[in-house]
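User: I'd like to learn how to read a few features in a structure. Could we start with disulfides and then go on to buried residues?

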Amino acid sequence: MGQAGCKSLSRALFDYKTEKYVIAKNKKVGLLYRLLQVSILTYLVVWVFLVKKGYQDIDTSLQSSIITKVKGVTFTNTSDLGERLWDVADYVIPPQGENIFFIITNLIVTPNQRQETCAESESIPNAVCYEDSDCPPGEPVITGNGVRTGRCLQSGNMQRGTCEIFAWCPVETKSRPETNVLDTKDRDFLKSCRFGPKNPYCPIFRLGSVVSWTGSNFQEIALKGGVIGIQIEWNCDLDKAPSECNPRYHFSRLDSRIPGNSVSSGYNFRFAKYYRDEAGVEFRTLMKAYGIRFDVMVNGRAGKFNIIPTIINVASGVALMGVGSFFCDLVLIYFIKKSHFYRNKKYEEARSGHQGNGKVNVEQLRDLQTVEA
């Protein structure tokens, strides 16, 4: 028993399998096979090569440099500054445009501030007092403008007052800006080329249009400020002319627009201009600037023909053709009515050393004939 098993195992070690092609005249399986071939070929040509451009070498590590420039003037007439003309040197920060720039749309001006003592702003909760003991000297006012002197300043007969502080006086009093944006329809100063749906590749943008494309109101964002993201997306086919490589622009509002959210809504900062009077005493003009900050972000991809990805994708398509043949073989030898007949014809055992009588019988002739369903 053991010797027979070892003998059969030794024979199996020297067996060799070779393919045998059987032409099955079965319309259903043949139609299925052709449908699979057409589907795989369509997938390879349309999706892999035409849509995904599988014949190209793709590079997504895009490196770019952004240069921005703002042009235009505006006019304001306020009680603090009077009549004033603003140009790009006044309302664009920083003056050298890069991937981030800021445009001032509103100002709260506190002129002629000097380092001396004055009453803290009534809008600061930590500065409210009723007597001098409520204002310990030397302690700074939380979220305030200076350091307490120890006095409680009360106006008139009111018991409630604010702490006296040593700071840049007078302190900033307005906590909410007043709009100074003029609604003008004069667009003659704009160049003829402007970005828009009819001209999507023009690199000149109108500020009001950019704000509207984010779904915001210009008067609102000019009053409180905001942050807008400009995303530039490149998708270039380097096998075509360079003139066909054009960017796509997307605009979005980045700061929070939740009503009543005073922490992250809007955008503003303060800066000061310092002076000295005839006596050498320093004073300054404090400005709280509201405006729109633009963040320019660039991403993209570029592809060019390369023989290596082309060969890889073609080889993958040929391999998928083999999957179609394998699936049809399963249907042929396992799932149709005469599966046993096709299975016997597909798998045949042949032994070497068999000596025949030189005659061909009917059964051997049948094996040589085309198998028909």
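This is a predicted model: local features need pLDDT of at least 70, side-chain atom pairs count only at pLDDT 80 or more; totals for chains, interfaces and linings use all residues.

User: How many disulfides does the structure hold?

Analyst: There are 4 disulfides. Take cysteine 129 and cysteine 152, whose sulfur atoms are 2.1 Å apart. The torsion about their S-S bond is about 90 degrees, so this disulfide is right-handed. Cysteine 129 sits in strand β6 (residues 128-129) and cysteine 152 in strand β7 (residues 147-153), so the pair ties together parts 23 residues apart in sequence. Both cysteine 129 and cysteine 152 are buried.

User: What about cysteine 135 and cysteine 163: is their link right-handed or left-handed?

Analyst: In general, a disulfide is a covalent bond between the sulfur atoms of two cysteines. For cysteine 135 and cysteine 163, the sulfur atoms are 2.0 Å apart, and with -85 degrees about the S-S bond the link is left-handed. This pair also links distant parts of the chain, with cysteine 135 in the loop between β6 and β7 and cysteine 163 in strand β8, 28 residues apart. Cysteine 135 and cysteine 163 are both buried.

User: And which cysteine is joined to cysteine 236?

Analyst: Cysteine 236 is joined to cysteine 245, with an S to S distance of 1.6 Å. The link of cysteine 236 and cysteine 245 has 50 degrees about the S-S bond and is right-handed. Look at burial too: cysteine 236 has a relative accessible area of 9%, so it counts as buried. Cysteine 245 is partly exposed, because its relative accessible area is 22% and buried means under 20%.

User: Now for nonpolar cores. Which residues touch the most other members of the largest one?

Analyst: The general idea is that in soluble globular proteins, nonpolar side chains tend to be buried together. In this model the largest nonpolar core has 23 residues, and Leu107, Ile228 and Phe294 touch the most other members. Elements giving two or more residues to this core are β5 (100-119), α4 (207-213), β9 (226-237), β10 (247-253) and β12 (282-305). The largest share, 6 residues, comes from β5. A second, separate core has 8 residues, including Ala127, Ile165, Ala167 and Val171.

User: What does isoleucine 228 touch, leaving out residues up to four places away in sequence?

Analyst: Among the residues that isoleucine 228 touches are Val210, Val211, Ile221, Leu254, Ile292 and Phe294. Thr214, Ser252, Arg253, Arg293 and Asp295 are also among the contacts of isoleucine 228.

User: How do I read a charged residue such as glutamate 120: is it buried or exposed?

Analyst: Check burial, then look for a partner. Glutamate 120 is in the loop between β5 and β6. Glutamate 120 is buried yet has no salt bridge, and the nearest side chain of opposite charge, arginine 148, is 7.9 Å away. The side chain of glutamate 120 does make a polar contact of 2.7 Å with the side chain of asparagine 145. Beyond four places in sequence, the contacts of glutamate 120 include Ala127, Ile165 and Val171, which are also named among the members of the second core. Cys163 is another contact of glutamate 120.

User: Where is glutamate 164 placed?

Analyst: Glutamate 164 is in strand β8 (residues 161-169). At 10% relative accessibility, glutamate 164 counts as buried. A polar contact of 2.6 Å joins the side chains of glutamate 164 and threonine 149. Leaving aside neighbours within four places in sequence, the contacts of glutamate 164 include Thr117, Cys118, Val147, Arg148 and Leu153.

Technical notes: Residues are numbered from 1 along each chain as its sequence is written. Side-chain values use heavy atoms; hydrogens and water are left out. Helices (H or I, at least four residues) and strands (E, at least two) are DSSP runs, numbered from the N terminus. Buried means under 20% relative accessible area, exposed over 50%, partly exposed in between (1.4 Å probe, protein chains only). A polar contact is a pair of N or O atoms within 3.5 Å; within protein, one must be able to donate a hydrogen and the other to accept it, and residues adjacent in sequence count only if both atoms are side-chain atoms. Contact means heavy atoms within 4.5 Å. A nonpolar core is a set of buried Ala, Val, Leu, Ile, Met, Phe, Trp, Tyr and Cys residues joined through side-chain atoms within 4.5 Å. A disulfide is a pair of cysteine sulfur atoms within 2.5 Å. Lys and Arg count as positive and Asp and Glu as negative; His and the chain ends are not counted. A salt bridge is a side-chain nitrogen of Lys or Arg within 4 Å of a carboxyl oxygen of Asp or Glu.
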